[in-house]
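Let's take a walk through this structure together. Keep the picture in view as you read, and find each part as we get to it.

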Amino acid sequence: MARQINLETGREPTDDVWEAIYTQRAIRYWEEKPVPRALLEQVIEAASKAPSGSNTQPWIFVVIDDRAKLDEIAALMRGFFEAAEPIRNLISAGEKSEDKSERLMLKGAKQFFTKLERAPAIIIPCLYQVASPTPDPASLLAGSSIYMAVQNLMLSARALGLGTLMTTAHAMIEPNLREMLSLPDDAHPVALIPIGFAGANFGPTKRKGVDEVLRWNSWS
Ligand SMILES: Cc1cc2nc3c(=O)[nH]c(=O)nc-3n(C[C@H](O)[C@H](O)[C@H](O)COP(=O)(O)O)c2cc1C
């Protein structure tokens, strides 16, 4: 049974966990003002409350709010995009899509690749010295010990009126990021998340209905 909750669009903070979950969406536009470090610390603290295998908490969150480093990351991302013809073609095709939400998503994706310097801060969550449920950082199972923290981070940001964008675009510039951020060999970036006061509305997301994704007691 669908829960009746306030699903109005807007940029206001909320303390209602259901509203936060149901309206947290990819925000690719931010207000041109810095995010106080106290708020960035709050979302990292929320992330650190997540469960992990054997409670090993194999994570370090590198938060970048230094303008020179943000610009450097943005330039790397733009450089990647300019060299990546298949991605550029995919985005150009999607921008002409009949589906409005697809059009907006791909327009936003282009903005992400080409104008990332507009992000007031970027968070790079790193899997660090992972041991449980597997010591293999490249394994899907290793992700289970950090992506819940990432979701906590994004939901708490939404609660504070901060817009985030989950991306795995770090992978495209990982060698440069490693050097720029002095990441040790046993730290593995798992996401690149711009964050700032939302410059676009939170709101109901377009997702499959529960009837499509729920199976009782067996697959069929
Ligand atoms: C694993 C993953 C990788 C993603 N990578 C990108 C990306 O590279 N660029 C981008 O603009 N959005 C990226 N996104 C954001 C998705 O496009 C977005 O979450 C999805 O379209 C749902 O958007 P909505 O919450 O606004 O409905 C990524 C999301 C996930 C979970």
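Start with helix α3, whose face turned away from its buried side carries the exposed residues Ala 68, Asp 71, Glu 82 and Ala 83. A residue here is buried if 20 or more other C-beta atoms lie within 10 Å of its own, exposed if 12 or fewer, and partly exposed in between, with C-beta atoms placed from the backbone. Helices (H or I, at least four residues) and strands (E, at least two) are DSSP runs, numbered from the N terminus.

Before going on, a word on what you're looking at. This is a predicted model: local features need pLDDT of at least 70, side-chain atom pairs count only at pLDDT 80 or more, and totals for chains, interfaces and linings use all residues. Residues are numbered from 1 along each chain as its sequence is written.

Back to α3: which of its residues are buried? They are Ile 73, Ala 74, Met 77 and Phe 81. Seen down the axis of α3, these buried residues fall within an arc of 100° (taken from the directions from the helix axis to the C-beta atoms), so they line one face of the helix. An α-helix has 3.6 residues a turn, so residues three or four places apart point the same way. The buried residues of α3 pack against β1 (59–64), α4, α5 and β2 (121–128); contact means C-beta atoms, placed from the backbone, within 7 Å.

Now hop over to α5. Its buried residues are Ala 109, Phe 112 and Phe 113. They cover an arc of only 90° around the axis, which puts them on the same side of α5. Their packing partners are α3 (67–83) and α4 (85–95). Lys 107 is also found in helix α5, but with 14 C-beta neighbours inside 10 Å, this lysine counts as partly exposed.

Of the 14 residues around the ligand, Arg 25, Ala 26, Ala 109, Phe 112 and Thr 167 come nearest, where near means a C-beta atom, placed from the backbone, within 6 Å.

Finally, look inside. The largest nonpolar core has 47 residues, and Ala 121, Ile 122, Ile 123 and Leu 153 touch the most other members. Such a core is a set of buried Ala, Val, Leu, Ile, Met, Phe, Trp, Tyr and Cys residues joined through C-beta atoms within 7 Å. Among the elements that each supply at least two residues of this core are α3 and α5.

How values were computed
Two residues are in contact if their C-beta atoms, placed from the backbone, lie within 7 Å.
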